[in-house]
Amino acid sequence: MSIPRPLTPLVLLLALAAGCSSGDATTAEPDPAAAEAEVVEVTLVDFAFEDLPGSVPAGTRFTVVNEAERELHELVAFRLSDDDERSVEELTALSPVELVEALGEPTTVLLAEPDGPVIPAVGDGTLDEPGRYAIMCFIPTGVEPAVYLEAAAETEEGPPQVDGGPPHFVHGMYAELTVE
Ligand SMILES: [Cu+2]
């Protein structure tokens, strides 16, 4: 039905992420280099970030587990500019163009399929710079995880354009975080 595609970086990342866990794909082995940093595991559900603290010390590394039935989820963190006093809830009400302008480039992007390993697409989940962060999920509602990940692997920059319902943050999958 579909033509096999060449391996792309995200697919390789996915393979690496799967390959470095020992048997149980839901628990990643601790990275010795990151052993000193505090690690906070966030649970991704339809449609919220569970166990996400309101504030963490600088240098905290986030990781995710996806406990949804079938939705792909992601944790995307943006450091908000210091002069932006709007709440994340206010930002989610902006038009797509205004939202992109307000958020800028993400500091980190971690994806996970249901029960799947963490897929670090941007950064490794570490938030080093103190400030206020928006934590959001942009996955289109109802998209097949494999379809999205394949499209993401073929996209050079930014999120892939795939058909689907509204992004998950529209259903409330967003939060505000302060890095101290
Ligand atoms: Cu989501």
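Strand β1 (residues 39-45) pairs with strand β4 (residues 60-66) in the parallel sense, over 6 bridges. Two strands pair if DSSP finds at least two bridges between them. Strands (E, at least two residues) and helices (H or I, at least four) are DSSP runs, numbered from the N terminus. V40 stands opposite F62 in β4.

This is a predicted model: local features need pLDDT of at least 70, side-chain atom pairs count only at pLDDT 80 or more, and totals for chains, interfaces and linings use all residues. Residues are numbered from 1 along each chain as its sequence is written.

β1 and β4 belong to an open sheet of 4 strands with mixed pairing, in the order β2-β1-β4-β8. β2 (48-50) and β8 (126-127) stand at the edges with a single partner strand each, so one side of each has no neighbour in the sheet.

Now the loop. I139 lies between β9 (131-136) and α4 (145-154). I139 is buried, because 24 other C-beta atoms lie within 10 Å; the cut-off for buried is 20 or more, with C-beta atoms placed from the backbone. L111 is 28 residues from I139 in sequence, yet their C-alpha atoms are 9.5 Å apart.

The largest nonpolar core has 36 residues; V64, L75, A134 and I135 touch the most other members. Such a core is a set of buried Ala, Val, Leu, Ile, Met, Phe, Trp, Tyr and Cys residues joined through C-beta atoms within 7 Å.

Contact means C-beta atoms, placed from the backbone, within 7 Å.

| Residue | Contacts, leaving aside neighbours within four places in sequence |
|---|---|
| I139 | E71, L72, H73, E74, Y148, P167 and H168 |
| A134 | F78, L80, V88, L91, L103, Y174 and E176 |

Key:
Buried ≥ 20, exposed ≤ 12 C-beta atoms within 10 Å, placed from the backbone. Contact = placed C-beta atoms within 7 Å.
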